Amino acid sequence: MHRTMSSAIIGFEALRANPLRSALSTLGVVIGVASLVAILALGDGLERFTRGQLGETTDIQMVTILPQMIELTAGGVSVRRTDIPILTQRDRDSLAAATDGRADVTLALGGSVYVTTPDDTTRHAAIVTATLPGGERFIDMRLLAGRLLRADDAARPGAVITAAMARALGDATDSALIGRRIEVIGRAYEVVGVVAGASAPARAYIPLDSTAVTRLGDSGRQAPMAILKAHRVEDVERVRADAERWLTRRFGAINGRFTVSSSGSRVNQAERGILVFKLVLGSITGIAILVGGIGIMNVLLASVAERTREIGVRKAVGARAGDIMVQFLAESVAISGAGSLVGVLLGLSGAFGITAAIRALAKAPIFAAFTWSSPLFAMLVAVLVGVAFGTYPARRAARLSPIDAIRHE
């Protein structure tokens, strides 16, 4: 153990004796690790941005449960069902628990109806959606004025309308209708919020309660559907399986009674795209680290050639081949370790600087993602590369014959 420590100390002293050479050999590792850390941070940030865009602008993470209103008989005749299952708030809570936190769940029922105001009998056609509080997680509802639906809006009752609906009702500003009443499906609602949606069709969102189910459901022609939004693209099919198991437990056989759907093919495409993205970035970082490792090996081979006589003297006075290997491996690890520390700092600085520039130029909300695993992984890779590329020069030095080494000029 003492001999090993002595050999390692000699290796470190050799680096201190040649600071310029040590700095130049460290530069390759610095560049490699900085590239790795920057790409990992940028890659994680871009992945989060992509996932966010998929979740906000597409229905790729959605699973829908739609009660079937029509039954196909053995003779091929379509007949309206008499036992249509009606999903309730309690079902929604039970279904959310069945997904084990992998998805958000809501209920929704929509229809095309007329909307009026108390002081104007003009009827305005609109698409009205009855939903539960938190529906903004499932529907693109960017708030312009007021607030979104809350649990107590079922008692008021309250409604949220789009800007297009506000324009149709004759108000030029988004906030003009806040607090005023509109009539939807024969019931008065107080407008509590206005959301984006300046183009037709006009829309309104109301609380899902028994009145909405009865009137929007058109006397049993429609029933509320359940919408599940998986938190991750990879969980979509698992959430769908959870939903199907829950339906079986709750209603028995579901064939013909419910339609459970998801964008399976699009989910697979998104997962493949994310995987390819990671593999491409990994390949690029691998090349950067490889370049740094080759630089370490070249410097150590030059060091072996320069210090051949020193190696011969050490072996002549009793140093073993293992001691020589430890000496040069210690140099390699020191180079890669020091380079990785500097590289981590440069990589993180570069990643955050690049994303700041992207936000300023492209107005895209992209941020570098920092996790402790990324710099630790980069440092571990750098040390392993240092050991791997330092092994050959170390073995070459250890195999030198003492006599030939001492006679070397």
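Which residue forms a salt bridge with Asp-209, and how far apart are the closest N and O atoms? The partner is Arg-187, with the closest N and O atoms 2.9 Å apart. The model is predicted, so local features need pLDDT of at least 70 and side-chain atom pairs count only at pLDDT 80 or more, while totals for chains, interfaces and linings use all residues. Residues are numbered from 1 along each chain as its sequence is written, and side-chain values use heavy atoms, with hydrogens and water left out.

**View 1. The salt bridge of Asp-209 and Arg-187.** A salt bridge is a side-chain nitrogen of Lys or Arg within 4 Å of a carboxyl oxygen of Asp or Glu. The structure holds 13 salt bridges. One of them joins Asp-209 to Arg-187. Asp-209 lies in the loop between strand E10 (203-207) and helix H5 (210-216), and Arg-187 lies in strand E9 (residues 187-195), so the pair ties together parts that are 22 residues apart in sequence. Helices (H or I, at least four residues) and strands (E, at least two) are DSSP runs, numbered from the N terminus. Asp-209 is buried, with a relative accessible area of 17%. Buried means under 20% relative accessible area, exposed over 50% and partly exposed in between (1.4 Å probe, protein chains only).

**View 2. A network of salt bridges.** Asp-100, Arg-102, Asp-242 and Arg-245 are linked in this network. Arg-102 is buried at a relative accessible area of 13%, whereas Asp-100 is exposed at 59%.

View 3. Glu-244 forms a salt bridge with Arg-240, the closest N and O atoms being 3.3 Å apart. Glu-244 is partly exposed, with a relative accessible area of 29%. Arg-240 is also partly exposed, with a value of 22%.

**View 4. A cluster of Trp-246, Phe-251 and Phe-258.** A search of the whole structure finds two aromatic pairs. The rings of Trp-246 and Phe-251 have centres 6.2 Å apart and planes at 80 degrees, so this pair is edge-to-face. The rings of Phe-251 and Phe-258 have centres 5.0 Å apart and planes at 50 degrees, so this pair is tilted. Rings of Phe, Tyr and Trp (its six-membered ring) pair if their centres lie within 6.5 Å; planes under 30 degrees apart count as stacked, over 60 as edge-to-face and the rest as tilted. Trp-246 is buried, with a relative accessible area of 4%. Phe-251 is buried at 16%, and Phe-258 is buried too.

**View 5. Arginine charges over aromatic rings.** Arg-250 lies over the face of Phe-251, at 4.5 Å from the ring centre. The charged end of Arg-123 sits over the ring of Tyr-114, 4.0 Å from its centre. A charge sits over a ring if NZ of Lys or CZ of Arg is within 6 Å of the ring centre and within 35 degrees of the ring normal.
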